Amino acid sequence: MLSHRAIWDGIDAIARRHSLSASGLARLAGLDATAFNPSKRISKDGRERWPSTESIAKILEATGENFEQFLNGAGAFLQMDAPPRVATVPLIGLAQAGAGGFFDAAGFPAGQGWDEIALPSPGDAGIYALEVQGDSMEPLYREGDRIVVSPTEQVRRGDRVVVRTHEGEVMAKILARQTARQIELHSLNSAYEPRILDIKDVEWIARIIWASQ
C-alpha cells in the first residue's frame, strides 16, 4: 500500500538523487518553493496532507524520472502475498451535485443517488468523488475524469477546490484569493473568466486531493 510517509519519502529520494533540497525540487518543477516542506505534510489539525498528482507529475517531468523510479525511491511496492486495501468513496456527477439533497450543510455526502468508486488509499472517512463535466478545468481535468474531494482539508490559495453556492451551483476551480468577504476562483481553461463570489453566497469549499484520469 502506498502510505503517506512512502509518498513523501519518494519525493525526498528524487531530490537527493538530483542533489536538491525539497525546496529546490519544488522550484525546479515550477511549484511554490514551500510545496514539499515538512510543515506542508501535516495540516494544522494534525491530518496528513498528500502531494497532488499534478505535483508528482511535474517533478517527474522536471527530473526526467519515471513513476517506477519514484516508487523505488518510496520503497512502496506492495507485498505479493497481501492484496492492497481498497476503500470505496461516494461518487456523483459534478453537474448532478448542484441539485438539492446530495450534501449536508458541511459539504459531506448525504442522501440517495450516490454511486461508488474504488480508491486504493488509507482514506479519510469524509472523502468522496465527483465526475467532471464540462471543459472549464481543461487541460488538467477533462470531462469524465473523477476528482476525489475532502471537506475536512484546509484550503489555501492555489489549491484546486470544489465550491458549492447556496443557489446550488457546483464548480471545480482554483482558489486564487480569499478574504473575509469574498473568494476569487480561476479556471485552468483561459476561455473562462475568473469568478468572484461573496462568502455569504458560498455554502462550502472542499479541497481536491486526488484525480483518477
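Trainee: At what angle do the axes of α1 and α3 cross?
Mentor: This is a predicted model, where local features need pLDDT of at least 70, side-chain atom pairs count only at pLDDT 80 or more, and totals for chains, interfaces and linings use all residues. Residues are numbered from 1 along each chain as its sequence is written, and side-chain values use heavy atoms, with hydrogens and water left out. The axes of helix α1 (residues 4-17) and helix α3 (residues 53-63) cross at roughly 20° and come within 11 Å, which means α1 is roughly parallel to α3 (angles under 35 degrees count as such).
Trainee: Which residues of α1 and α3 meet?
Mentor: Ile7, Ile11 and Ile14 in α1 meet Ile56, Ile59, Leu60 and Thr63 in α3, contact being heavy atoms within 4.5 Å. By class, this contact has 6 nonpolar residues, 1 polar and no charged ones.
Trainee: Switching topic, how many salt bridges are there?
Mentor: The structure holds 11, each a side-chain nitrogen of Lys or Arg within 4 Å of a carboxyl oxygen of Asp or Glu. One of them joins the side chains of Glu54 and Arg160 (3.9 Å, N to O).
Trainee: Where do Glu54 and Arg160 sit?
Mentor: Glu54 lies in helix α3 and Arg160 in strand β5 (residues 160-165), so the pair, 106 residues apart, links distant parts of the chain.

Definitions and conventions: Axes are lines fitted to C-alpha atoms, for helices over the stretch in contact, and angles run from 0 to 180 degrees between N-to-C directions. Helices (H or I, at least four residues) and strands (E, at least two) are DSSP runs, numbered from the N terminus. Angles under 35 degrees count as roughly parallel, over 145 as roughly antiparallel, 65 to 115 as roughly perpendicular and the rest as oblique. Ala, Val, Leu, Ile, Met, Phe, Trp, Tyr, Cys and Pro count as nonpolar, Asp, Glu, Lys and Arg as charged, and the others, Gly among them, as polar.
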